[in-house]
Each structure stands twice: as structure tokens, then as C-alpha cells.
Amino acid sequence: ADPDPLQDFCVGDLNATVSLNGFPCKPVSEVTADDFFFDGLSKEGNTDNPFGFGVTQGNVLAFPGLNTLGLSMNRVDLAPGGINAPHSHPRASESIVVIKGKVLVGFVSTSNVYYSKVLTVGQMFIVPRGLVHFQYNVGRGKAILITAFNSQLPGAVVVSRTLFASNPPIPVKILTKTFQVDASVINGIKSRFA
Ligand code: GLV
Ligand code: MN
């Protein structure tokens with residue numbers, strides 16, 4: 001979904017003081033093989049949290065060699081019963097490959113149709129750009145997924161955090177009206193994200 005590059009590569013200079021659509025290029029004379037190498041996805045993410053979820057992002061901010069190339073990858077670790085909670089990516093479609101375990105993946109279309117599948121090792125699923133999706137570990141052990149995006153910085157809108165943990169908060173009245181529940185229900189949910 002990102003624009004096409006205008007040169008072979010443009011290793012991002014994350015410290016540049018100019019701001020543009022992406023990052024300016026590091027001088028070619030200073031580029032080495034290390035700029036095209038990223039070891040981040042080899043490490044297990046920390047799943048020691050209420051969601052049993054850890055994500056390691058291999059986007060342009062972590063891996064500047066991706067700048068202008070229109071792609072990135074994440075590693076998702078899920079403890080048994082762990083969830084990558086419903087979220088969407090405004091700038092990319094996502095392909096998901098399970099490399100360990102058994103994972104229920106699903107998304108909902110703009111027509112409100114739910115599409116889902118249980119994936120085992122080597123199997124792949126696609127989440128079209130912008131649609132809300134999740135992954136849930138339904139196996140006995142840990143699960144690992146590799147996700148790939150057609151953007152160097154797909155962005156993530158996590159539905160629960162967006163609605164219940166924004167800063168400053170969305171007025172409770174908006175949420176009681178939206179979900180047709182009492183303020184106590186909204187405040188109960190908010191307290192879980194404090
Ligand atoms: C998984 O959904 C991810 O965004 O990495
Ligand atoms: Mn995702």
C-alpha cells in the first residue's frame with residue numbers, strides 16, 4: 001500500500017531533523033549489509049501479561065532498511081489461551097503464517113461478516129487492509145506467528161485501547177450511548193486498562 005521507491009534503497013535516517021512521508025536516506029556510502037539485516041524476530045516476545053501476548057515489530061522504526069520498500073514483518077508470541085486482541089492496520093493488508101502451535105484467526109468485513117480459520121504450522125491467512133482482526137492460541141502449548149504487511153509502518157488501532165484507554169479519554173457518555181449500557185459497565189472496562 002506504500003508508494004513505490006524511486007531508488008534501489010533508502011535506508012532510513014531516523015534521526016534526521018526534516019519530516020516527510022517516510023524518512024530521508026542515509027548516505028549510500030555509509031550503507032552496509034547490516035542495514036538490511038534485522039535479528040529482532042529471532043527473540044521470543046514477553047507474554048507475561050493478562051493477554052498472554054507479545055509482539056515484536058519489524059517495522060521501519062525498528063529496521064530502517066525497510067524505508068521506502070513498502071513492507072514489514074512482526075513476530076507474535078501467544079501463551080496458551082493468549083490473544084492478540086481485535087485491532088486493525090490503517091496502512092496495510094496482513095498475511096499471517098503460523099510457525100508454532102495452533103491459532104484461531106479471524107476478521108470482520110465492512111459488511112459485518114466474520115471470516116475465521118484455525119491455522120496449524122505452515123498455514124497462512126490474509127487480513128485485508130483496515131479490517132478488524134485477532135489471533136487466539138487454541139493449542140496446548142505456546143504459539144508463534146509471523147505476520148507480513150505491505151507497508152513499512154502499517155500502524156495498529158487496537159479497538160479496546162482506542163475506546164477505553166485513549167488519552168485524554170473519550171467521554172463516558174459517548175461510550176454508554178454507543179454500547180447501550182450504564183456508566184458502571186464502561187467504568188468497569190476502563191479500570192482493566194488503567
Ligand atoms: C498481528 O495481527 C499483527 O498485527 O502482527
Ligand atoms: Mn494485525
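What follows is a chat about a predicted model of a chain with a ligand.

Student: Where is confidence lowest, and where is it highest?
Tutor: Helix 3, residues 183–191, is lowest at a mean of 97. Strand 8, residues 132–137, is highest at 99.

Student: OK, the fold. How many helices and strands are there in the chain?
Tutor: You've got 3 helices and 10 strands. Along the sequence the pattern is β-β-β-β-β-β-β-β-β-β-α-α-α. The C-alpha atoms fill a box of roughly 60 × 40 × 35 Å along the principal axes.

Student: What share of the contacts join residues at least 24 apart?
Tutor: Counting contacts between residues at least 6 apart in sequence, 71% of them do.

Student: What order do the strands take in the open sheet?
Tutor: That sheet has 5 strands in the order 6-5-8-3-10, with antiparallel pairing. Its edges are strand 6 (114–119) and strand 10 (157–158), each pairing on one side only.

Student: How many bridges join strand 5 to strand 6?
Tutor: There are 6, with strand 5 (residues 103–108) running antiparallel to strand 6. One pair to look at is Val108, whose bridge partner in strand 6 is Tyr114.

Student: Switching to strand 9. Why call it largely enclosed?
Tutor: Because 5 of its 7 residues are buried, strand 9 is largely enclosed by the rest of the structure. Strand 2 joins strand 9 through 7 bridges, and strand 4 joins strand 9 through 6. Both of these pairings are antiparallel.

Student: Which residue in strand 9 is the bridge partner of Lys100?
Tutor: That's Ile144. Asp77 also stands opposite Ile144.

Student: And the largest nonpolar core, which residues have the most contacts inside it?
Tutor: Val103, Ala143 and Leu145, in a core of 15 residues. Strand 2 (72–78), strand 4 (94–100), strand 5, strand 7 (124–127) and strand 9 (143–149) each supply at least two residues of this core. Apart from it lies another core, of 5 residues, including Phe23 and Leu66.

Student: What is Leu145 in contact with?
Tutor: Leaving aside neighbours within four places in sequence, Leu145 contacts Val76, Ile96, Val97, Val98, Ile99, Val103 and Gln135.

Student: How much of the whole chain counts as buried?
Tutor: Buried residues are 28% of the 194 in the chain.

Student: New topic: which residues surround ligand 1?
Tutor: The shell is Val55, Asn74, Val76, Asn84, Glu94, Gln135, Thr147 and Ala156. By class that gives 3 nonpolar, 4 polar and 1 charged. Two of these, Val76 and Gln135, are also in contact with Leu145.

Student: Last one, Asp35. Where does that sit in the chain?
Tutor: Asp35 is in the segment before strand 1 (53–58). Not counting residues up to four places away, Asp35 touches Val11, Pro64 and Gly65. Asp35 and Val11 are 24 residues apart in sequence, yet their C-alpha atoms are 6.9 Å apart.

Student: Why is Asp35 partly exposed rather than buried?
Tutor: Asp35 has 17 other C-beta atoms within 10 Å. Buried needs 20 or more and exposed means 12 or fewer, so Asp35 falls in between.

Technical notes
Residues numbered from 1 in each chain as written. Chains lettered and ligands numbered in written order. Predicted model: local features only at pLDDT ≥ 70, side-chain atom pairs only at ≥ 80, totals over all residues. Pairing = 2+ DSSP bridges. Helix = DSSP H or I, 4+ residues; strand = E, 2+ residues; numbered from the N terminus. Near = placed C-beta within 6 Å. Nonpolar A, V, L, I, M, F, W, Y, C, P; charged D, E, K, R; others polar. Contact = placed C-beta atoms within 7 Å. Core = buried A, V, L, I, M, F, W, Y, C linked by C-beta atoms within 7 Å. pLDDT = per-residue confidence, 0-100.
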